[in-house]
Amino acid sequence: MLLIFILSLLLAGQAWAGDSARLCSGLAEPDGLVMDNRGNVYTICRGDGVVWCVPPEGEPVAFARVDAPTCLTVDRLRTVFVGTASGDIFAITPDGVADRIHRCRTGLTGLTLDRDGNLVAATADGMIVRIAREDFRWED
């Protein structure tokens, strides 16, 4: 009886796995996933600092490079925000240009956006901070 139960679980798992569709492969340790309103998926590779864009049914594109990325989020305008181990936050525009827009005291462990477009960041020292959109400092 137990054997039949285990076999049915294994077969159910294989059926579920067979229904999934592979978007891409070959990325070096991708970490974190966000999706924009056009279905593009973004991820970071901490080892080489590459921010990847995986378009729907397309090949991954090296979107930008940021030193020591740790987390990311994307807004409705398709700007990707990337936090780093040093506390920098970069905004990457849809054309792949990265600007540092804010600096936190410690490294970042998480990023998200509130409904008004402000960043909410979790820091390595245990804080959660809100960074108002009007306080973003775009570099030239």
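Colleague: In what order do the elements of the protein run from the N terminus on?

Modeller: They run α-β-β-β-β-β-β-β-β-β-β-β. That comes to 1 helix and 11 strands. Helices (H or I, at least four residues) and strands (E, at least two) are DSSP runs, numbered from the N terminus. This is a predicted model: local features need pLDDT of at least 70, side-chain atom pairs count only at pLDDT 80 or more, and totals for chains, interfaces and linings use all residues. Residues are numbered from 1 along each chain as its sequence is written, and side-chain values use heavy atoms, with hydrogens and water left out.

Colleague: How much of the protein counts as buried?

Modeller: 41% of the 140 residues. Buried means under 20% relative accessible area, exposed over 50%, partly exposed in between (1.4 Å probe, protein chains only).

Colleague: Which strand is largely enclosed by the rest of the structure?

Modeller: Strand β2, residues 41-45. It is largely enclosed because 5 of its 5 residues are buried. Val41, Thr43 and Cys45 cover one side. Tyr42 and Ile44 are on the other.

Colleague: How does β2 pair with β1?

Modeller: Antiparallel, over 4 bridges, with β1 at residues 30-35. Two strands pair if DSSP finds at least two bridges between them. Val34 stands opposite Tyr42 in β2. The two strands form a hairpin with 5 residues between them. Gly39 in that turn has a positive phi of about 90°.

Colleague: And how many bridges join β2 to β3?

Modeller: 5 bridges, again antiparallel, with β3 at residues 50-54. Val41 stands opposite Val54 in β3. This hairpin has 4 residues between the strands, and Gly49 takes a positive phi near 75°.

Colleague: Switching topic. What is the strand order in the open sheet?

Modeller: β5-β6-β7-β8, 4 strands with antiparallel pairing. The edge strands are β5 (69-74) and β8 (98-103), each pairing on one side only. The twist averages 25° from one strand to the next. Axes are lines fitted to C-alpha atoms, for helices over the stretch in contact, and angles run from 0 to 180 degrees between N-to-C directions.

Colleague: What about β6 and β7?

Modeller: β6 (residues 80-84) and β7 (residues 88-92) are antiparallel over 4 bridges. Gly83 has Ile89 in β7 as its bridge partner.

Colleague: Now charges. How many salt bridges does the structure hold?

Modeller: 7. A salt bridge is a side-chain nitrogen of Lys or Arg within 4 Å of a carboxyl oxygen of Asp or Glu. Arg133 and Asp75 form one, with the closest N and O atoms 2.9 Å apart. That pair links distant parts of the chain, 58 residues apart: Arg133 sits in the segment after β11 (128-131), Asp75 in the loop between β5 and β6.

Colleague: Is Asp75 buried or exposed?

Modeller: Buried, with a relative accessible area of 9%. Arg133 is partly exposed at 28%.

Colleague: Which side chain does Asp114 meet in a salt bridge?

Modeller: Arg130, at 2.6 Å, N to O. Asp114 lies in the loop between β9 and β10 and Arg130 in strand β11, so the pair ties together parts that are 16 residues apart in sequence. Arg130 is exposed, at 58% relative accessible area.

Colleague: Which residues are linked in a network of salt bridges?

Modeller: Asp88, Arg100 and Arg103.
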